Amino acid sequence: MTTPLSVAVIGAGMAGRSHANGWRMATTMFDVEDLPPVRLAAVADANGPLADDAAKRYGYDKAVTSWEEIVDDPDIHVVSIVVGNDLHRPIAEALVKAGKHVLCEKPLAGTLEDGKAMADLEQDASVVTGVGFTYRRNPAMAAVSQHVTAGDLGPVTLFQGRYNCDYACDPGGALAWRYTGPKGSGALADIGAHLIDLAEFVNGPIASVAGGQLTISIAQRPKPLGFVVGHGAAPVSDETGEVTNEDTAAWTVRFANGSSGTFAVSRTAFGMPNGLAFDVYGLQGRASVDWHRPAEYLYDDALAPRSPAASAGSSPARTCPTSPAATRCRRPATVAGTPRCSPTSVAPSSTRSAVSRARSRPTRPSPTPTA
Ligand SMILES: NC(=O)c1ccc[n+]([C@@H]2O[C@H](COP(=O)([O-])OP(=O)(O)OC[C@H]3O[C@@H](n4cnc5c(N)ncnc54)[C@H](O)[C@@H]3O)[C@@H](O)[C@H]2O)c1
């Protein structure tokens, strides 16, 4: 019988639980003949009850409170690192040295020095390492990347990206590890890391950066009385502490292919549970993705026949569902400006009404876990 691959997850908080669940689902998702059985070996978290709960909930053999126990366990082969950012490097180095494969959460590191050292880790080791840039796996994001790579948009002229969240809008929210360095690293690395990775996935390497603005909107937050999980509410003290990293960041770039880019990310953007979105424009086409509608992307190119509406100056772009057939289709003839990409495509007017409905809702906590 094939030897099982034993996996462990270090960190049982918001994202740690996604990893715990991901490993549990792995053998059901991938149709790979030689994929060995996965043994759910251990969950580690400094918060013992949280580790116990996650291990029980996701079916792992044991819960431990120290990550070193995972390093020292010869029966564990693959490990997810899902703790605060300053622990990524020491834990990754110890695991790779112990011969374990590592999937480390983003941002890989809080400093260039740590990032470079971690990128070098794999060089002399016989293990596989990776970073949790999950959005690349989204079919809509991948389809837009394919369009750009295939040249469907012609030479790219502009990439405009944003990742706006509202998880830090409440000034009464606890001063969790995210809000102070070196454990946390602000909106730029926390959510911006995803957007930067996507920009390079779609439009190639960034060659230079200029015009950065980093701002803090809520400078003091109440200290937590105990553990805080993710962006969740937690009991807080009357004492406050200083927020030492940015709530919002904006900057511009030049890509190696010569195109321009603008980026904005914020964790204090009201009404945006998980607002990752980008538009990419070329001389012969354009494409857009908005994570608030994750199963589709918008695509328009110069090969599409112009409809009466288009010739009047308004271009009726398609909204494509991300089925394999749809991702490669050209826009067929449109009837009175209504996209007919597939029976399940959604007209832009539906997008607008969804946005209007969202705007009319009262303030609420983000329902979707974000970075
Ligand atoms: N890829 C994504 O979409 C995504 C989403 C969210 C978070 N993340 C990343 O995941 C990491 C964790 O974020 P989170 O939101 O889950 O944080 P979290 O605060 O919810 O969880 C972190 C956990 O680490 C535990 N911990 C702290 N010190 C420890 C130690 N020395 N040993 C063992 N456990 C320890 C804490 O008790 C806590 O339960 C961060 O790097 C974050 O950037 C990625």
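A: What follows looks at the sheet strand by strand, and then turns to the ligand and to one helix.

The model is a predicted one, and that should be kept in mind throughout. The sheet is open and has 6 strands, which run in the order E3-E2-E1-E4-E5-E6 with parallel pairing. At its edges are strand E3 (62-64) and strand E6 (129-131), each of which pairs on one side only. Neighbouring strands of the sheet are turned against each other by 20° on average, if direction is ignored. As a general point, the strands of a sheet pair through backbone hydrogen bonds, and this pairing can be parallel or antiparallel.

Strand E1 (residues 5-10) pairs with strand E2 (residues 38-44) in the parallel sense, over 6 bridges, and here Ser6 stands opposite Arg39 in E2. E1 also pairs with E4, again in the parallel sense, over 4 bridges; in this pairing the bridge partner of Val9 is Ser80 in E4. E4 in turn pairs in the parallel sense with strand E5 (residues 101-104) over 4 bridges, and the partner of Ser80 in E5 is Leu103.

Next comes the ligand. Among the 27 residues around the ligand, those that come nearest are Gly13, Met14, Ala15, Ala46 and Glu105. Helix H1 (residues 14-29) gives the largest share of this shell, 3 residues. By kind, the residues of the shell divide into 14 nonpolar, 9 polar and 4 charged. Because domain 1 (5-132) and domain 2 (137-360) both give residues to the shell, the ligand lies between them.

Finally, there is helix H8 (residues 192-203), whose 12 residues should span 16 Å at 1.5 Å a residue, which agrees with its end C-alpha atoms being 16 Å apart. H8 is mostly covered, with 9 of its 12 residues buried, including Gly192, His194, Leu198 and Asn203. After H8 comes Gly204, whose phi is positive, near 85°.

Key:
Residues are numbered from 1 along each chain as its sequence is written. This is a predicted model: local features need pLDDT of at least 70, side-chain atom pairs count only at pLDDT 80 or more; totals for chains, interfaces and linings use all residues. A residue is near a molecule or strand if its C-beta atom, placed from the backbone, lies within 6 Å of it. Helices (H or I, at least four residues) and strands (E, at least two) are DSSP runs, numbered from the N terminus. Ala, Val, Leu, Ile, Met, Phe, Trp, Tyr, Cys and Pro count as nonpolar, Asp, Glu, Lys and Arg as charged, and the others, Gly among them, as polar. Domain bounds come from an automatic or database domain assignment. The expected span of a helix is 1.5 Å times one less than its number of residues. A residue is buried if 20 or more other C-beta atoms lie within 10 Å of its own, exposed if 12 or fewer, and partly exposed in between; C-beta atoms are placed from the backbone. Two strands pair if DSSP finds at least two bridges between them. Axes are lines fitted to C-alpha atoms, for helices over the stretch in contact, and angles run from 0 to 180 degrees between N-to-C directions.
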